[in-house]
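Good morning, colleagues. Please look at the two chains on the screen while I take you through their architecture.

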Amino acid sequence: MTDFHPNALCFGDEFPAGGVPCLVHVETQGLTIAFAADGNQGQAEAVPFSSVAVSAGGLDHDQLVLSWAGPAGQRTLYLKNSDVIRAFRQAAPDQLTMPLERAVGQVRRVRRRHRMVWGIAGGSLLALTLGLWFGNDVLVELAVDRIPIEWEQKLGESAYRDFLTQHEVAKDGPPVDAVTEMTHRLVSQIPDNPYTFEITVVKSDVVNAFALPGGYIVVFTGLMKEAERLEEVAGVLAHELNHVLQRHGLERIVKQLGFIAVVSIVFGNQQGLGQMMKQLGVELMTLRFGRAQETEADLTGLQLLHRAKIDPSGMITFFERLAEKDEGRVEWLSTHPMSSARAERLKDRLAGMPEQSLEPFTFDWSKVRAALGAPTGPGL
Amino acid sequence: MKSEILYPGAFPMVRIELAEGEHIKAESGAMVACSPTIDIESKMEGGFLGALSRKFLTGEKFFFQTLRASRGHGETLLAPTVPGEIVILDLDGVNEYMVQKDGFLAGADGITVESQMQSMSRGLLSGEGFFILKMSGKGMLVLNSFGAIHKIELKPGQEYIVDNSHLVAWSTTTSYNIEKATSGWVASFTSGEGFVCRFRGPGVVYIQSRNPRGFGSWVRQFIPVSE
Ligand SMILES: [Zn+2]
């Protein structure tokens, strides 16, 4: 048993389904097959070439399959060993050469096709990785374009659910009603919207709001408290909605981790990837968008407010007022650095927009503020 | 190296005895207990990106641990995460198996593990992602399943159709096609897309009696979600 080195698997009716390991030798007139199994090493089965049929088989179609009707029944031999295959090709008679060459050709074609597929896949992967590495935004967008919305939702949803379990969620009340109505108004103005937006108000004094990939938006009561007018909250919502619509989160993730990482996160249900997912969830919350992305969210947000018949100037005044606050208290500023250029750009754009009649909301903003515990009254 | 399945059935463990210098590869997180003579080497170095690129470039899996009896003879107890049977296969140098990534528990040092990406379309369609492990070489291979492990034996040319999410391992002498499940097949009710593998013998296919994805979505309905 110790010096028995099988080089093939033999299948037959009375053999186990996994095949029996055997040692194949190619002789001038045929094959000899030795089985080590039940101690009869010496007994080799001789198979003349004349009784053998040849084909290619196996998982990747890369094994040489020989079959024949032996005295003990039908036998099938699976060969992978290249030395044996070469010897067989040299020794096999003419009547076998044709189908054999065809089989070998088939194997070669499959291998070549595999190599080509992998070459192309590997090449484009490398190009993509390198491109991402050097921050080629075109490649990022190309990759992001290929990611289905459902994947994006999977990415965002688990981070969202995770976040919500760790925070106190406002289930109802005037602030929730107000945010819901504003979101509905805005979303109804998005043409061909592929997302189902989910929005949650979190009870926290932190002045923040964020959007996760896939359409999950969180607004903190602390941010609502800072808003003097409802249009200011609507401005933040419009901005965050556009981060989702422009797939900014996904672009950042792809840029940071690479397309393949996204693919493996979505498809992997493996432990390591689960942990990775958690880690990523943390990153998603504190995701800093690029300056170009912020500008895009600002400007498309402004247009969205305009279409939804909500006064867009609230967005600008809110941004300006938040910027005057102590930076440490306003979480939103850490991901949204405010600059005068930013406000000016928005004002410019707003000035160029056609007049739009405004449509009031059904909720009473002073009641929302009262529910939030913010100062109310005519002085505001 | 000696191995033994303890508590066969739904909640088994496997005990592996290692002589000094021997080592095994184990799924990270599989180790329950071990002798103090055994060192654990984790392969996840250089962070996720490093591990990922290494995985794709060299085929080395980043979710493996190496358990090495570097300071003398010892034993280790391994258990899978999910309830289900363990089966030990013996690779003899000729037979090779493809193993679905969650099905691998441990392998002897003589076993070569290649993480093969399936051909792109196969991988994307089969819902198992790209991670299929090819096991070759000589020695013990320990597989685990979700539920019981069932062995399907195929004669040359014999065909059998298996729901994708029930696959654990299959020998490389088989060939298979992935087909879209017809309405009669309930594959994974999370994704709604059902895919089945049509295997063709000769060879052996190991399947698991429960579907982890299906179980996951079944459990999920009982978890309250705060809105
Ligand atoms: Zn922003």
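This is a predicted model: local features need pLDDT of at least 70, side-chain atom pairs count only at pLDDT 80 or more; totals for chains, interfaces and linings use all residues.

In helix H12 of chain A, the residues A:Gly314, A:Met315, A:Ile316, A:Phe318, A:Phe319, A:Arg321 and A:Leu322 are buried. Buried here means under 20% relative accessible area, exposed means over 50%, and partly exposed lies in between, with a 1.4 Å probe and protein chains only. Helices are DSSP runs of H or I with at least four residues, strands are runs of E with at least two, and both are numbered from the N terminus. H12(A) covers residues 313-324, and its 12 residues should span 16 Å at 1.5 Å a residue; the end C-alpha atoms are 17 Å apart, which agrees. The expected span is 1.5 Å times one less than the number of residues.

Residues are numbered from 1 along each chain as its sequence is written, chains are lettered from A and ligands numbered from 1 in the order in which they are written, and side-chain values use heavy atoms, with hydrogens and water left out.

Chain A as a whole contains 15 helices and 11 strands. Of its 380 residues, 51% count as buried. Its accessible surface, from the Shrake-Rupley method with a 1.4 Å probe, comes to about 18300 Å², and 53% of that belongs to carbon and sulfur atoms.

Two strands are taken to pair if DSSP finds at least two bridges between them. A:Gly12 stands opposite A:Arg75 in E7(A).

Let me turn to the packing. The largest nonpolar core has 49 residues, and A:Met182, A:Leu186, A:Phe197, A:Leu223, A:Met224, A:Leu237 and A:Phe363 touch the most other members. A nonpolar core is a set of buried Ala, Val, Leu, Ile, Met, Phe, Trp, Tyr and Cys residues joined through side-chain atoms within 4.5 Å. Helix H7 of chain A, residues 230-245, supplies the largest share of this core, 8 residues. A:Phe197, leaving aside neighbours within four places in sequence, is in contact (heavy atoms within 4.5 Å) with residues including A:Val187, A:Ile190, A:Leu241 and A:Leu245. A second, separate core of 35 residues includes B:Ala26, B:Tyr97, B:Leu141 and B:Val168.

That brings me to chain B, which has 3 helices and 18 strands. Buried residues make up 52% of its 227 residues. In chain B, 4 strands form an open sheet in the order E1-E2-E7-E4, again with antiparallel pairing. Neighbouring strands there are turned by 20° against each other on average, direction ignored. E4(B) is joined to E7(B), residues 74-78, by 3 bridges, and B:Met31 stands opposite B:Leu78.

Strand E8 of chain B, residues 86-92, is mostly covered, with 5 of its 7 residues buried. E8(B) pairs with E12(B), residues 132-144, in the antiparallel sense over 7 bridges; B:Met140 in E12(B) is the bridge partner of B:Asp90.

Finally, some backbone details. Most residues other than glycine have a negative phi, and most peptide bonds are trans. A:Asp192, although not a glycine, has a positive phi of about 50°, and at 77% relative accessibility counts as exposed. B:Tyr7 likewise has a positive phi of about 50°, and is found in the loop between E1 and E2 of chain B. A cis peptide bond joins B:Gly201 and B:Pro202, with omega about 10°; B:Pro202 lies in the loop between E17 and E18 of chain B.

Terms used. Axes are lines fitted to C-alpha atoms, for helices over the stretch in contact, and angles run from 0 to 180 degrees between N-to-C directions.
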